[in-house]
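Trainee: Could we go through how the helices pack in this one? I'd like the geometry first and the contacts after that.

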Amino acid sequence: MRVQRLSGMQKQVLSLYRGFLRVARSKSDKERHKIESIISEEFRRNSTEVDRKNFQYIEYLLRRGKKQLDQLRSPGTTGLTSLEVDLSRTNKTNS
């Protein structure tokens, strides 16, 4: 059996996902389930809708996610909302 190695960007995405799940554990049960649901849906949607070769957009999503994670870590922040981004202009790769 051959194990596929992850790229640096894939490792960053997984690290961000795990970070959100860790922070969610520090919130109330109700908020925890809500955060886990939003995070799961957002990552799953982006995995299918974002072109894997569109590195610039993926880096943007990582930066945005890190900012949201930092905000969520704040003790005064109790929840997270989903942010819709128009993918129609960013999904195209430069050919």
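**Helix packing**

Mentor: Start with helix α1 (residues 8-24) and helix α2 (residues 29-49), whose axes come within 9 Å and cross at roughly 165 degrees. Axes here are lines fitted to C-alpha atoms, for helices over the stretch in contact, with angles from 0 to 180 degrees between N-to-C directions. Helices are DSSP runs of H or I, at least four residues, numbered from the N terminus. This is a predicted model, where local features need pLDDT of at least 70, side-chain atom pairs count only at pLDDT 80 or more, and totals for chains, interfaces and linings use all residues. Residues are numbered from 1 along each chain as its sequence is written, and side-chain values use heavy atoms, leaving out hydrogens and water.

Trainee: So how are α1 and α2 oriented to each other?

Mentor: Their axes cross at roughly 165 degrees. Angles over 145 degrees count as roughly antiparallel, and those under 35 as roughly parallel. α1 and α2 are therefore roughly antiparallel.

Trainee: And which residues of α2 make the contact with α1?

Mentor: Contact means heavy atoms within 4.5 Å. On the α1 side you have V13, L16, Y17, F20, L21 and A24. From α2 come R32, I35, E36, I39, S40 and F43.

Trainee: What about α1 and α3, parallel or antiparallel?

Mentor: The axes of α1 and α3 come within 10 Å and cross at roughly 20 degrees. That makes the pair roughly parallel.

Trainee: Is V13 buried, partly exposed or exposed?

Mentor: V13 sits in helix α1 and touches F43 and L62, not counting residues up to four places away in sequence. Buried means under 20% relative accessible area and exposed over 50%, with partly exposed in between (1.4 Å probe, protein chains only). With a relative accessible area of 27%, V13 is partly exposed.

Notes:
Helices (H or I, at least four residues) and strands (E, at least two) are DSSP runs, numbered from the N terminus. Angles under 35 degrees count as roughly parallel, over 145 as roughly antiparallel, 65 to 115 as roughly perpendicular and the rest as oblique.
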